[in-house]
Amino acid sequence: MSDTATTETLGFQTEVAKLLHLMIHSLYSNKEIFLRELVSNAADASDKLRFESLAHPELLAEDPELGIWIDFDADAHTITLRDNGIGMSRDEVISNLGTIARSGTAEFVKNLSGDQQKDSHLIGQFGVGFYSAFVVAKQVDVRTRRAGLAASEGVFWSSQGEGEFSVGTIERAQRGTEIVLHLRDEATEYADAWRLRGIIHKYAEHIGIPVYMIKAQDDEAKAAQDVTWEAINQAAALWTRPRTEISDDEYKAFYKHISHDFSDPATWSHNKVEGKLEYTSLLYIPTRAPFDLFNREAPKGLKLYVQRVFIMDDAEQFLPLYLRFVKGVIDSNDLPLNVSREILQSNPSIETIRSTLTKRVLDMLSKMAESHPEGYQSFWDTFGAVLKEGVVEDHGNQEKLASLFRFASSRQSDDKQTLSLDTYISQMPADQKAIYYVTAESFQAGRLSPHMEIFRKKDIDVLVMTDRVDEWMMSWLREYQGKSFVHVGKGDLSLDDDSSEDKKKAQETQEAEHGDLLKRLKDALGEQITEAKVSSRLVDSPACLVVPEGDIGLATRQMLEAAGQKLPPSKPRLEVNLEHALIKRMEVEADDNRFKALATVLYGQAALAEGMQLKDPSEFVGQLNHLLGQLFG
Ligand code: ADP
């Protein structure tokens with residue numbers, strides 16, 4: 001069949017071999033998706049050919065009717081899919097069907113745990129594609145020829161999916177790709193007309209080119225080999241059809257086609273814009289994050305069509321980076337067919353489309369938050385950290401974005417339930433002016449931090465923020481609905497009911513009365529603190545550390561510095577609780593050495609409560625043991 005002189009046997013890239021193995025084991029309950037994936041690839045191949053033929057019309061001319069033909073042989077247990085799309089050259093076959101080029105694949109595979117149940121979850125984040133053929137086939141043969149190459153440059157590829165594939169050069173009169181699946185014994189049921197039709201209706205109704213199967217016919221016609229192919233789908237690009245005629249299942253199937261995700265989307269929005277600019281957009285919010293959501297190099301963006309001709313994948317210009325999880329299609333009537341990424345960057349109408357699409361996504365999320373709070377919560381858990389980037393990236397939409405944010409509340413015992421800023425405000429007592437929040441390593445660390453004591457006592461709700469981006473985001477988000485944000489662990493705290501002159505005076509008097517203690521503390525702790533002060537935020541704890549308003553929190557600072565970032569220097573002040581027995585005891589401590597030991601322990605525990613690591617743990621432990629020893633002395 002293939003010319004043996006040109007045939008070589010090659011090994012799959014390690015990652016492919018691992019993914020193949022995992023896929024075969026994790027998709028056994030959902031085998032039929034192989035057809036969706038292969039039809040999807042064939043449709044993409046036709047799209048690519050149509051695009052290349054814009055510049056090279058001769059590519060299409062020899063065989064202008066694009067389509068996908070599916071046949072089977074129930075006796076031989078085979079299914080054959082053929083397309084007359086772009087096809088592949090020998091090099092393309094080797095790299096496309098032997099490796100996974102996407103950056104980050106190696107890390108993804110490394111993260112597979114080996115536990116099949118857990119990993120089969122992960123595989124969904126990856127997209128299965130061509131290799132899903134091996135879920136039903138014990139052997140896959142591919143014959144293909146790239147459009148524009150000579151008939152002598154056809155390629156034959158074959159593999160049993162077990163680490164190796166062979167590839168050779170063949171004569172192939174027709175451009176495009178033919179795939180023969182030799183079904184596994186437990187998958188022979190798919191070599192059946194009704195079965196195949198059913199699956200195609202389910203998954204490929206939306207495909208923009210016809211999918212043909214042989215018309216059911218009588219024995220006579222079959223004997224005469226007089227077969228008729230009939231299109232079994234509508235063959236109209238889904239987004240071009242009126243919304244009212246598209247079922248939810250079709251929308252979902254189309255999502256899977258463009259996203260290579262095999263979970264259903266959370267929601268979508270399909271719109272046709274007419275007027276000065278004419279375009280159709282179909283945008284989806286996924287339920288699951290791709291494995292490379294936080295890799296800024298990962299492919300992102302919409303599939304761009306111009307007048308229904310596919311132009312490019314991953315057109316990034318139509319949405320801001322913080323909406324990179326959105327999948328979808330945009331089909332423009334105004335852009336030139338030869339549009340390139342460079343043109344997109346400088347075309348003024350793109351900016352308009354981008355801001356409309358951004359609003360559309362934010363509206364879609366608001367709607368979802370209202371009508372499906374549970375679904376929205378799960379969206380938030382998956383993509384919230386990315387959406388928060390918008391506060392910095394997209395000033396104009398800050399208020400709208402903030403309305404979509406959800407935070408844990410200090411009045412709850414866990415962070416499973418979150419609340420919106422609107423809910424927070426609606427629950428604020430009449431005299432509360434600010435929105436209080438704290439940033440922390442974890443929900444419990446934040447909720448139980450000494451800074452929270454006075455809030456707990458007064459039953460004031462504090463939002464507990466534990467995402468890595470929160471501290472950075474909050475330095476940009478100053479207010480919401482006219483209420484300013486106040487970090488409870490930073491700067492001077494003036495709770496609304498104690499901002500009166502009397503209270504301030506009382507505080508000053510206290511500072512003066514206890515000036516001695518404060519000075520001794522500063523002397524004992526030296527450069528570790530800027531000053532020691534009397535606290536108004538503590539109830540149960542003896543002391544806490546406070547950074548100036550607008551500064552990075554202590555724990556975050558430590559983490560960033562450990563990661564090698566240079567930050568402007570900043571020191572906390574120590575605040576003490578005059579009501580606390582330990583502070584009262586320190587006030588009368590005459591022995592300077594013992595005072596120093598107490599001060600070290602006081603500072604150390606305040607730092608630990610902040611989630612910091614001690615600079616000199618042995619000094620702390622030494623002093624602590626020294627003091628404990630005296631208890632028994
Ligand atoms: P994906 O479609 O996500 O890129 P696949 O594993 O499904 O991944 O396919 C890998 C590549 O193989 C495709 O990107 C495409 O370049 C090529 N390919 C697959 N099927 C076909 C086909 N029928 N015609 C032409 N190229 C194809």
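Domain bounds here come from an automatic or database domain assignment. For this protein chain, that assignment gives domain 1 (4-235), domain 2 (240-380), domain 3 (406-488) and domain 4 (498-551 + 561-633). Taken over C-alpha atoms, the centres of domain 2 and domain 4 are 53 Å apart.

Before I go on, a word on the model. It is predicted, so local features need pLDDT of at least 70 and side-chain atom pairs count only at pLDDT 80 or more, while totals for chains, interfaces and linings use all residues. Residues are numbered from 1 along each chain as its sequence is written, and side-chain values use heavy atoms, with hydrogens and water left out.

Next, helix α13, residues 373-388. Helices are DSSP runs of H or I, at least four residues, numbered from the N terminus. With 16 residues, a straight α13 would reach 22 Å, but its end C-alpha atoms are only 19 Å apart; the expected span is 1.5 Å times one less than the number of residues. Where does α13 bend? At Thr 382, by about 60°, the angle being between axes fitted to the seven residues ending there and the seven starting there.

Last, the ligand. Residues around it include Lys 48, Met 88, Thr 177 and His 260, each with a heavy atom within 4 Å. A ligand nitrogen is 2.9 Å from a side-chain N or O atom of Asp 83.

Conventions:
Helices (H or I, at least four residues) and strands (E, at least two) are DSSP runs, numbered from the N terminus. A polar contact is a pair of N or O atoms within 3.5 Å; within protein, one must be able to donate a hydrogen and the other to accept it, and residues adjacent in sequence count only if both atoms are side-chain atoms.
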